[in-house]
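The following exercises ask the reader to study a protein model step by step. Each task is followed by a worked solution.

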Amino acid sequence: MTRARAAAGSKDIRIGGGASTIRQYLKAELIDEMHVALSPTLLGRGEPLFEGIDLSVLGYRVTQHAATEKALHLMVER
C-alpha cells in the first residue's frame, strides 16, 4: 500500500485480487469505497468475499445498487 500511495499521488488506488486480498484490506480498514458485482453461481462454488467480516461494524454501508440480468451491482462506502 505504501508503494501504491507513493505512485498514485493524489489519485485513487484500485485494488485487484481475489476474495482473500480484499478481506485483508477491509480488515485493515484501507478501503473507502468499493463496487461489488454479485453474480449467481452454484452453491458451494467460489470463495466467500465477506466471510468473517462485519461490514456495518467497520462503518460500511451500501450507497447505491442496480440489478441487471447477469449481476447485482453494489456501491459500498465507509
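Two residues are in contact when heavy atoms of theirs lie within 4.5 Å. The model used here is predicted.

**Exercise 1. Describe the overall architecture of the protein.**

Step 1. Begin with the secondary structure, which comes to 2 helices and 3 strands. Along the sequence these elements follow the pattern α-α-β-β-β.

Step 2. Consider the dimensions. Taken along the principal axes, the C-alpha atoms fill a box of roughly 40 × 25 × 25 Å.

Step 3. Of the 78 residues in the protein, 18% are buried. Among contacts with a separation of 6 or more, 58% join residues 24 or more positions apart.

**Exercise 2. Determine which residues of helix H2 are buried, and why they lie on the same side of the helix.**

Step 1. Helix H2 spans residues 19-27, and its buried residues are Ala19, Ile22, Arg23 and Leu26.

Step 2. These residues cover an arc of only 100 degrees around the axis, and therefore they lie on the same side of H2.

Step 3. The buried residues of H2 pack against strand S1 (33-38).

Step 4. Look at the end of the helix. Just after H2, Glu29 takes a positive phi of about 55 degrees.

**Exercise 3. List the residues of the largest nonpolar core and state which elements contribute two or more of them.**

Step 1. The core has 10 residues: Ile22, Leu26, Ile31, Met34, Val36, Ile53, Leu55, Tyr60, Leu74 and Val76.

Step 2. Two or more residues of this core come from each of H2, S1 and strand S3 (72-77).

Step 3. In soluble globular proteins, nonpolar side chains tend to be buried together.

Step 4. Apart from neighbours within four places in sequence, Ile22 is in contact with Ile15, Gly17, Ile31 and Leu49.

**Exercise 4. Compare Ile53 and Pro48: is each residue buried or partly exposed?**

Step 1. Locate both residues. Ile53 is in the loop between S1 and strand S2 (61-67), and Pro48 also lies in the loop between S1 and S2.

Step 2. Apply the cut-off for burial, which is under 20% relative accessible area. Ile53 has 12% relative accessibility and so counts as buried. Pro48, with a relative accessible area of 42%, is partly exposed.

Step 3. Find the contacts, leaving aside neighbours within four places in sequence. Ile53 is in contact with Arg23, Leu26, Lys27 and Leu58, while Pro48 is in contact with Ala19 and Arg23.

Step 4. Relate sequence to space. Ile53 and Gln24 are 29 residues apart in sequence, and their C-alpha atoms are 9.9 Å apart. Pro48 and Arg23 are 25 residues apart along the chain, with 9.6 Å between their C-alpha atoms.

**Exercise 5. Characterise the largest pocket by its volume and its lining.**

Step 1. The largest pocket holds about 670 Å³ of space.

Step 2. Its lining consists of 20 residues, of which Ile13, Arg14, Ile15, Ile31 and Glu33 are the closest to the centre.

Step 3. H2 and S1 are the elements that give two or more residues to this lining. S1 gives the most, with 4 residues.

Step 4. Sorted by class, the lining of the largest pocket has 11 nonpolar, 3 polar and 6 charged residues.

Key:
Residues are numbered from 1 along each chain as its sequence is written. This is a predicted model: local features need pLDDT of at least 70, side-chain atom pairs count only at pLDDT 80 or more; totals for chains, interfaces and linings use all residues. Side-chain values use heavy atoms; hydrogens and water are left out. Buried means under 20% relative accessible area, exposed over 50%, partly exposed in between (1.4 Å probe, protein chains only). The arc is that of the directions from the helix axis to the C-beta atoms. A nonpolar core is a set of buried Ala, Val, Leu, Ile, Met, Phe, Trp, Tyr and Cys residues joined through side-chain atoms within 4.5 Å. On a 1 Å grid over the protein atoms alone, a cavity is a set of points where a 1.4 Å probe fits but cannot get out, and a pocket is an open set with protein on both sides within 12 Å along at least five of seven lines; lining residues have an atom within 4 Å of a point. Grid points are joined across faces, edges and corners, and a volume is the space filled by probe spheres set on the points. Ala, Val, Leu, Ile, Met, Phe, Trp, Tyr, Cys and Pro count as nonpolar, Asp, Glu, Lys and Arg as charged, and the others, Gly among them, as polar.
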